[in-house]
Amino acid sequence: MKGRPLFKSPLPRSYLSDTSSVSSAAVATHRVYQVWRGKNRFLCGGRLIFGPDASSIVLTVALIMTPLALFVAFVSFRLAELIGKPLGTAVPATAMAVGVFDVVVLVLTSGRDPGIIPRNARPPEPDDAATDSSSFASPATGASWSLPPTRDVYVNGVVVKVKYCHTCMLYRPPRCSHCSVCNNCVERFDHHCPWVGQCIGRRNYRFFFMFISSTTFLCLYVFGFCWVNLLLISRQYGVSFGHAVAESPVSGCLIVYTFVTAWFVGGLTAFHSYLVCTNQTTYENFRYRYERKANPFNRGAGSNIAEIFFSPIPPSRNDFRAKVSPADPDAAALYYLGPLSSESRISFYTRASLSFDMAKASFDLNYSAKRTSVASSDFGGIYGGSHGGHGHGGALDRVSTTHLQQPRHSIFGGPGRESKKAEDEADAVTAELGATMHTHYGAAAGRPRGREFEVV
């Protein structure tokens with residue numbers, strides 16, 4: 001599907017800046033992960049991506065490693081002495097190996113792109129072949145129009161409806177859903193897991209399954225060997241089982257803890273084993289059960305298991321370390337338009353906050369001088385800067401350039417506050433610019449119909 005053109009008709013030559021000047025002004029000052037519109041959190045310079053509830057990983061690790069450490073320190077080594085070599089030494093070694101593997105797959109589940117589908121900068125064009133003319137009006141006529149909420153696609157000969165996402169401005173591929181927690185459309189969306197602090201999707205589902213299955217194995221391992229430890233103590237010393245628990249209270253506590261935990265993670269592992277064999281997601285399982293529809297993705301247990309565990313993981317569709325230029329006309333649509341920090345009042349998106357509609361020959365600057373100021377170099381590349389144009393260059397050159405906004409996802413502090421003088425100058429420039437546009441286009445110039453982006 002083609003994207004809708006940014007401009008409905010060519011710009012006037014007097015306002016069309018040279019391509020080379022725009023390229024020179026397009027200085028990349030931020031990376032994608034720093035201005036990401038989702039609610040994700042990033043580490044290691046955008047190499048690790050987590051959900052907004054990533055702090056829950058600390059709790060999850062503590063719930064796994066604390067009982068494991070108690071088992072290794074107070075049960076496994078004593079049990080190794082009772083069993084004797086060579087089998088006795090394998091008890092603590094196996095427990096530590098499974099624990100390390102469990103934490104590794106937890107990080108692989110939580111710290112990678114689950115399959116986020118990039119947003120569109122603007123809504124797609126309506127499909128003329130599949131659109132009823134009565135449902136749409138041409139944007140050029142000024143009438144309102146909207147995209148159909150769903151479209152039909154064929155999957156293995158079965159019609160599947162795909163929904164339009166108004167947040168990401170795209171038709172979601174089959175099996176894709178928008179996560180309200182992370183604010184992203186995720187491919188093959190299964191669910192958002194609060195225990196790992198991440199969406200579970202196409203690129204991390206196998207690691208999630210390995211995490212819950214290894215956690216289940218670890219619970220059963222500790223549970224079983226704690227029982228063995230108590231039985232060996234009872235036999236060696238000729239005491240009752242109650243005295244054995246008093247001799248090794250850690251074993252008794254771990255038996256209770258792992259028994260309760262195994263029911264939870266064990267049930268989750270069994271449920272996802274069923275989903276893997278039938279090639280379903282958690283979301284699809286509840287939806288299809290409610291709608292009583294057949295699963296068009298089921299290709300048999302063997303093929304389904306091979307698809308989940310042995311098919312290559314597709315590369316991420318997002319380059320979170322790519323540099324973003326504020327002069328990019330799509331920057332304001334694709335990246336974060338959040339509130340400005342108190343220590344950096346200049347918005348990164350002011351550079352892309354111009355909207356045009358040449359069908360009405362109108363010009364609009366979404367701007368609030370109380371919250372932000374405009375950098376002269378930003379508009380110089382669009383209106384000719386030092387070329388003068390229709391008087392805009394001289395007016396805009398008087399605006400002082402200050403620091404850019406500190407990225408929303410950055411962990412570093414922002415620059416100092418801008419001065420009140422810059423705001424006063426910005427007020428004057430905005431008024432002069434509006435008067436100039438009124439002179440050239442007249443009082444009938446209306447507001448644009450295009451998407452506008454305000455700094456809030």
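The questions below go from the whole chain to single residues.

Biologist: How many helices and strands are in the chain?
Modeller: This is a predicted model. The chain has 456 residues, and 45% of them count as buried. Its elements are twelve helices and 13 strands.

Biologist: What share of the contacts with a separation of 6 or more comes from residues 24 or more positions apart?
Modeller: The accessible surface is about 23,000 Å², with 61% of that area on carbon and sulfur atoms. Among contacts with a separation of 6 or more, residues 24 or more positions apart account for 70%.

Biologist: What is the C-alpha distance between valine 35 and phenylalanine 320?
Modeller: Valine 35 sits in the loop between β1 (30-31) and β2. At 4% relative accessibility, valine 35 is buried. Phenylalanine 320 is 285 residues away in sequence.

Biologist: How many disulfides does a search of the whole structure find?
Modeller: Take cysteine 165, which is buried at 2% relative accessibility. Its closest cysteine sulfur is in cysteine 185, at 3.6 Å. A disulfide needs sulfur atoms within 2.5 Å, so this pair is too far apart for a bond. Over the whole structure, the number of disulfides is zero.

Biologist: Which loop holds cysteine 44, and what is its phi?
Modeller: Cysteine 44 is in the loop between β2 (41-43) and β3 (48-50). Most residues other than glycine have a negative phi. Cysteine 44 is not a glycine, yet its phi is positive, at about 55°.

Biologist: Is asparagine 156 buried or exposed?
Modeller: Asparagine 156 also has a positive phi, near 55°. Its place is the loop between β4 (150-155) and β5 (158-165). The cut-off for this class is over 50% relative accessible area. Asparagine 156 has 58%, so it counts as exposed.

Biologist: Which elements give two or more residues to the nonpolar patch?
Modeller: The patch is made by Leu59, Leu63, Trp195, Tyr257 and Phe264, and covers about 470 Å². The elements giving two or more residues are α2 (56-83) and α6 (249-278).

Biologist: Is phenylalanine 264 buried or partly exposed?
Modeller: Phenylalanine 264 lies in helix α6. Its relative accessibility is 47%. Buried needs under 20% and exposed over 50%. Phenylalanine 264 is therefore partly exposed.

Biologist: What is the angle between the ring planes of tyrosine 33 and phenylalanine 42?
Modeller: The whole structure holds 15 aromatic pairs. Tyrosine 33 and phenylalanine 42 form a tilted one, 5.8 Å centre to centre. Both residues are buried.

Biologist: How far apart in sequence are the parts tied by glutamate 247 and arginine 78?
Modeller: The structure has six salt bridges. In one of them, glutamate 247 meets arginine 78 at 3.2 Å, N to O. Glutamate 247 is in helix α5 (residues 241-247) and arginine 78 in helix α2, so the pair ties together parts whose separation in sequence is 169 residues.

Biologist: Are glutamate 284 and arginine 175 buried or exposed?
Modeller: Their side chains form a salt bridge of 2.8 Å, N to O. Glutamate 284 lies in helix α7 (residues 282-291), and arginine 175 in the loop between β6 (170-171) and β7 (177-179). Relative accessibility is 2% for glutamate 284 and 14% for arginine 175. Under the 20% cut-off, glutamate 284 and arginine 175 count as buried.

Biologist: Which residues are linked with Arg317 in a network of salt bridges?
Modeller: Arginine 317 and glutamate 187 meet at 3.5 Å, N to O. They are 130 residues apart, in two loops. Arginine 317 is partly exposed at 47%, whereas glutamate 187 is buried at 14%. The network links Arg317 with Glu187 and Arg202.

How values were computed. Residues numbered from 1 in each chain as written. Predicted model: local features only at pLDDT ≥ 70, side-chain atom pairs only at ≥ 80, totals over all residues. Heavy atoms only, no water. Helix = DSSP H or I, 4+ residues; strand = E, 2+ residues; numbered from the N terminus. Buried < 20%, exposed > 50% of the residue type's maximum accessible area, 1.4 Å probe, protein only. Patch = residues over 30% accessible without salt bridge, like charges linked within 9 Å, V, L, I, M, F, W, Y side chains within 5 Å. Areas by Shrake-Rupley, 256 points an atom, 1.4 Å probe, with all protein chains shown as cover. Salt bridge = Lys/Arg side-chain N within 4 Å of Asp/Glu carboxyl O. Contact = heavy atoms within 4.5 Å. Phe/Tyr/Trp six-rings, centres within 6.5 Å; stacked < 30°, edge-to-face > 60°.
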